[in-house]
Structures are given as C-alpha cells and as structure tokens.
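Subject: Structure handover

Hello,

Here is the structure I promised to pass on. My notes on what turned up follow below.

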Amino acid sequence: MDFLYVKALHIIFVVTWFAGLFYMVRLFIYHTEAEKKEEPAKEILQTQYKLMEKRLWYIITWPSAILASFFAFWMLYKNPMYLEMPWMHVKLAFVLALYFYHGACHVIYKQLQRDEVKYSALKLRIWNEVATIILFAVVFLVVLKSAINWVWGVVGIVLVSVLLMMSIRLYKKVRAKKSWDKFEKKLMEEDEKLEE
C-alpha cells in the first residue's frame, strides 16, 4: 500500500514540475517582450518578471523536480522490476531529456536575471513546446506501457510538434494583424493622460 502513496506523490510532483516549467517559459517570453517597451514600463515590467521568475523557479519548479525525482527513485527501489521493462528504458530517456530541458531553462533564467536577453519571444515560444512533447511522450509510454509502439509515438510526437509550430506561426500572424501591442501602447497613453 505504501507503494501507491509514493506513486501518488510522484505523480503530484511531476504535475507541479511541468506546471512550473510551462509557466516559467511563459514568463521568459513576457520578460523578453518587455525589453521592447519604453521606460519606465520596461524597468517596472522586467523587475516584476524577475521577481515572479525567482519565486516560481525556487519555490515551485526546483522543489517539484527534486521531489518528483526522489519519489521516482523510491518507486524504483521498492519495485525494481520496472527497470527490466523496455518501455521504462524509453521513458527514462525522455526523463533525462526533461532534466536537460530543465537545466537549459535554468541557464535562460540566470541570463534574464542578469538582464541578458539572448532569445527572441518566438524562439522562447518554440522552446516552450519542448516540454509539451516530452510530456506527451512520457504519458503515452506510462499509460500504454509499450516500448514497441514507441516508433508510432515518435511519429505522433513529430506530428504534434509540426502542429505546435504551425500554431505558433499562426498566433504570431494574428497578433501582428490585430496589433495588440499597439492597442496596449494606446491604453497606456490614455492612462497617462488620465493621471495628468
């Protein structure tokens, strides 16, 4: 019975880990977009995003990654037969990819904390989808428990990736067409007039 408690805790912290990663990269995107704002909006927004990123990264994302891993190792310790299953080997490869993704996000986090904006918002939107692909792969592997069908899974992941890329491009076109940034600037100007 205690194995099920450990498994439940593992699943909970995997969910919070992914939630942290998804939201963190969204914050990176907003932080990067704030670079194009005029002062004082730029400084105010980037200061706020730095604070939000720091809290999310160290209070939710890192602890979730550590606890998800801790409970995963505990499950493998209590049930080592998992390590003999081919689907688990494929799953662990995706988990390793997730650790690398997390590490790369940490590098981006550190850069933004130092006011080094090295990636465009579009590149970060694409980067945000890497975690989605890993999540799809891991969930399907765990539910189907089949490493033989991983070829079809990879084909599915590639198709999902293509759809995500097309969605990102479409979003960019819609955003440019609707001129949301211009609308936001107009609102800020109207607010400034009201304050005067």
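How many cavities of 30 Å³ or more does the count come to? The count comes to one. A cavity here is a set of points on a 1 Å grid over the protein atoms alone where a 1.4 Å probe fits but cannot get out; a pocket is an open set with protein on both sides within 12 Å along at least five of seven lines; lining residues have an atom within 4 Å of a point. Grid points are joined across faces, edges and corners, and a volume is the space filled by probe spheres set on the points.

Before the details, the ground rules. This is a predicted model, in which local features need pLDDT of at least 70 and side-chain atom pairs count only at pLDDT 80 or more, while totals for chains, interfaces and linings use all residues. Residues are numbered from 1 along each chain as its sequence is written, and side-chain values use heavy atoms, with hydrogens and water left out.

Cavity

The largest cavity has a volume of about 30 Å³. Its lining includes Thr32, Ile108, Gln111, Tyr119 and Leu124. α3 supplies the largest share of that lining, three residues. Helices are DSSP runs (H or I, at least four residues), numbered from the N terminus. By class, the cavity lining has five nonpolar, two polar and two charged residues. Ala, Val, Leu, Ile, Met, Phe, Trp, Tyr, Cys and Pro count as nonpolar; Asp, Glu, Lys and Arg as charged; the others, Gly among them, as polar.

Second largest pocket

The volume of the second largest pocket is about 670 Å³. It is lined by 27 residues, and His10, Val14, Lys91, Val138 and Val142 are the closest to its centre. α1 (2-34), α2 (41-78), α3 (86-113) and α4 (121-144) each give at least two residues to the lining. The largest share, eight residues, comes from α3. The lining divides into 22 nonpolar, two polar and three charged residues.

Cores

A nonpolar core is a set of buried Ala, Val, Leu, Ile, Met, Phe, Trp, Tyr and Cys residues joined through side-chain atoms within 4.5 Å. Buried means under 20% relative accessible area, exposed over 50%, partly exposed in between (1.4 Å probe, protein chains only). The largest core has 25 residues, of which Leu21, Phe28, Leu98, Tyr101 and Cys105 touch the most other members. α1, α2, α3 and α4 each give two or more residues to this core. α1 gives the most, nine. Apart from this core lies another, of ten residues, including Phe71, Leu76, Tyr82 and Met88. Leu98 touches Trp17, Phe18, Leu21 and Ile134 (heavy atoms within 4.5 Å), not counting residues up to four places away in sequence.

Helices and loops

The expected span of a helix is 1.5 Å times one less than its number of residues. α3, with 28 residues, should span 40 Å, and its end C-alpha atoms are 41 Å apart, which agrees. α4 has 24 residues and reaches 35 Å from first C-alpha to last, close to the 34 Å expected. Buried residues in α4 include Leu124, Ile134, Val138 and Leu141.

Two loops deserve a look. Pro40 sits in the loop between α1 and α2, and the peptide bond from Glu39 to Pro40 is cis, with omega near 0°. Asp115 lies in the loop between α3 and α4. Asp115 is not a glycine, yet has a positive phi of about 65°. Asp115 is partly exposed, with a relative accessible area of 48%. Lys145, which follows α4, also has a positive phi, near 50°.

Best wishes
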